[in-house]
Amino acid sequence: MDTKTKSISLIIAGINGRMGRATVQAISQDAEIKLVAAYGRHGASYAGKTVDEVVGIAGKNGHGITIKDSLKNSLSGLSHNPDVLLDFTQADSAVEHALQAIEKGIRPVIGTSGLTEDHLKELRQAAAKAKMGVLVVPNFSVGAVLLMNFARQASRHYRHAEIVEIHKLGKLDAPSGTAMHTAKIMSEEIEKSQHKFNEFSVKEHELLPGARGGKVESGIHVHSLRLPGILSKQDVFLAGEGELLTLRHESHSTKCFEQGIVLAIKAAARLDSFVLGLDSIITE
């Protein structure tokens, strides 16, 4: 009897970015995941080079793979389509890549930030039509996912909440995908009790527009800071009479994402529906 574990073939979009590089590191010693292709944006200077040359840590997993400039060109050189596409590009292109992948029987994992509700709706519909798994991951850190779960639980007991997220200077979207997902699951929890957060009896007036941050429909205020010298950090503040509960998660390097990346790839290979977040995967 063959006792070998079937490997999961993987293609990475956005290979030269911070998270693409972290993925190569994460799977470098994993026997169940095999990197078979990688690509970057059209016209990228590193297209045509190998993963070894660009990332430098491919080892046996991904050794000698030539980086292409599109999904189409990446697939053209393969005898079989990969099992999973892991995308770290930008929101619009990530959704486009995902829809193309679904048509070819490849399950997408989207780790790109900035996806809108319209993007998510489009992906849900495509997954349902194809009866295929699609996994959207706002944050690959297990600690960040646990923070979101704790925030969900706490939302049952508090009526005042605010989120402050900090990312490195140059992050394109604000608030971060993590902050938006945190606000979403907190909102879903409080709406069960037919309440909203931060229902003040006093009408506030901002002397400086935006001083109170953005505000989601459930009433949570979300604040975004962009500073050099930091990777990412998120605080969730929940308050009641006479007390303040603070939940905090900090990412100091991309090492904290590696465990979640591996979990996401392996989970996606088994999925047959749309899933948002690593929450259910981690708690299985």
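**Terms and their grounds**

Guide: The chain's secondary structure comprises nine helices and eleven strands. The model is predicted: local features require pLDDT of at least 70 and side-chain atom pairs count only at pLDDT 80 or more, whereas totals for chains, interfaces and linings use all residues. Residues are numbered from 1 along each chain as its sequence is written, and side-chain values use heavy atoms, with hydrogens and water left out.

Visitor: Why is helix α1 called largely enclosed by the rest of the structure?

Guide: Buried means under 20% relative accessible area, exposed over 50%, and partly exposed in between, with a 1.4 Å probe and protein chains only. Seven of the ten residues of α1 (residues 18-27) are buried, so the helix is largely enclosed. The buried residues in α1 are Met19, Gly20, Ala22, Thr23, Val24, Ala26 and Ile27. Their cover includes β1 (8-13), β2 (33-39), α2 (51-55), β3 (84-87) and α8 (258-268). Over the chain, buried residues make up 48% of the 284 residues.

Visitor: What makes β4 and β5 a pair?

Guide: Two strands pair if DSSP finds at least two bridges between them. Strand β4 (residues 107-110) and strand β5 (residues 134-136) have two bridges, in the parallel sense; Val109 has Leu135 in β5 as its bridge partner.

Visitor: What is the strand order of the open sheet, and which are the edge strands?

Guide: The six strands run β2-β1-β3-β4-β5-β11, with parallel pairing. The edge strands are β2 and β11 (274-276), since each pairs on one side only. From one strand to the next, the twist averages 20°. Helix α5 (residues 117-130) packs on the sheet, touching β4, β5 and β11, and its direction makes about 145° with that of β11. Here contact means heavy atoms within 4.5 Å; axes are lines fitted to C-alpha atoms, for helices over the stretch in contact, and angles run from 0 to 180 degrees between N-to-C directions.

Visitor: How do you know whether the chain agrees with a compact globule?

Guide: The radius of gyration is taken over C-alpha atoms, and the globule rule is 2.2 Å times the number of residues to the power 0.38. For 284 residues a compact globule would have a radius near 19 Å; the chain has 20 Å, and therefore agrees.

Methods. Helix = DSSP H or I, 4+ residues; strand = E, 2+ residues; numbered from the N terminus.
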